[in-house]
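Subject: Structure handover

Hello,

Here is the structure I said I would pass on. Please look through it alongside the notes below.

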Amino acid sequence: MTTKEIFENNRAWVKDKLTLDQNYFKDLSKGQNPEVLYIGCSDSRVTAEELMGAKPGEAFVHRNIANMVSNLDLSSMSVINYAVVYLNVKHIVVCGHYYCGGVKAAMDSADLGILNPWLRNIRDVYRIHKKELAAITDEEAKYKRLVELNVQEQCINVLKTAEVQHAYRTRGISVHGWVFDIHSGKLIDLKIGFEKIIENIAEIYRID
Ligand code: CO
């Protein structure tokens, strides 16, 4: 895809939208009121809006390598803060995907420079769940399970934040862990049971 093509596509898209609704962009410019915060992987095959069927204005989106919610990452922490406190989203989704290159890299020992500290967070997920993962002999099954466990741990990182805990207590925000299966195109709900997780981590992570 050339940049020239991108601008041609854009012109065609504007034309299509205005044919259906003359006020489309005028209405969009009035503001946003998304109900979903989607945190996903930057992988070019894993779109956010397209796989959810979300239109502009319906999902607040944050993407990075391997859909991480790292405690020291100012970008994801700011996105969560803004989405929860100012946009009042009702749902926060962490969406991973099978065959995630970031997760694969964290299972290997290659030195990847600046990616090392980023991927170390996934190695931490592996360490936390080492017993379960070590029992899986099939490499592909182990890889897929690490993708799922990484989503689960990133959901826990979401639940550790003061904003989310406050929103949960005052207005009932919910947190979801999903995996996009590239092979089938289907979204899988991991049913992480965030209410139980909040209870379990409260002793250590509760912030009033
Ligand atoms: Co990925």
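Ser174 is part of strand β4, which covers residues 174-181; strands (E, at least two residues) and helices (H or I, at least four) are DSSP runs numbered from the N terminus. This is a predicted model, in which local features need pLDDT of at least 70 and side-chain atom pairs count only at pLDDT 80 or more, while totals for chains, interfaces and linings use all residues. Residues are numbered from 1 along each chain as its sequence is written, and side-chain values use heavy atoms, with hydrogens and water left out.

Ser174 counts as buried because its relative accessibility is 11%; buried means under 20% relative accessible area, exposed over 50%, and partly exposed in between, with a 1.4 Å probe and protein chains only. The side chain of Ser174 makes a polar contact of 2.8 Å with that of His91 and another of 3.0 Å with that of His176. (A polar contact is a pair of N or O atoms within 3.5 Å; within protein, one must be able to donate a hydrogen and the other to accept it, and residues adjacent in sequence count only if both atoms are side-chain atoms.) Setting aside residues up to four places away in sequence, Ser174 touches Lys90, His91, Ile92 and Phe194, where contact means heavy atoms within 4.5 Å.

Next, the metal site. The cobalt ion has as protein donors Cys41 (SG), His97 (NE2) and Cys100 (SG), at 2.0 to 2.3 Å from it. Donors are N, O and S atoms within 2.8 Å of the metal (3.2 Å for Na, K and Ca); water is not among the atoms, so sites may look incomplete. The spacing of the donor residues in sequence is C-x55-H-x2-C. Cys41 lies in strand β1 (residues 36-41) and His97 in strand β3 (residues 91-97), so this pair ties together parts that are 56 residues apart in sequence.

Cys41 counts as buried because its relative accessibility is 6%. Cys100, at 1%, is buried too, and His97 is buried at 0%. Beyond its neighbours within four places in sequence, His97 is in contact with Cys41, Asp43, Arg45, Val46, Asn67, Val147, Val179, Phe180 and Ile182. A search of the whole structure for disulfides finds zero; a disulfide is taken as a pair of cysteine sulfur atoms within 2.5 Å.

Val61 is in strand β2, residues 59-64. With a relative accessible area of 30%, Val61 is partly exposed. Apart from neighbours within four places in sequence, Val61 is in contact with Tyr38, Ala48 and Glu49. Val61 and Met1 are 60 residues apart along the chain, and their C-alpha atoms are separated by 23 Å.

Finally, the protein as a whole. It has 10 helices and five strands, and is divided into domain 1 (1-30) and domain 2 (36-205), with bounds from an automatic or database domain assignment. The C-alpha centres of domain 1 and domain 2 are 31 Å apart. The C-alpha atoms fill a box of roughly 60 × 45 × 30 Å along the principal axes. Of the 208 residues, 39% count as buried.

Regards
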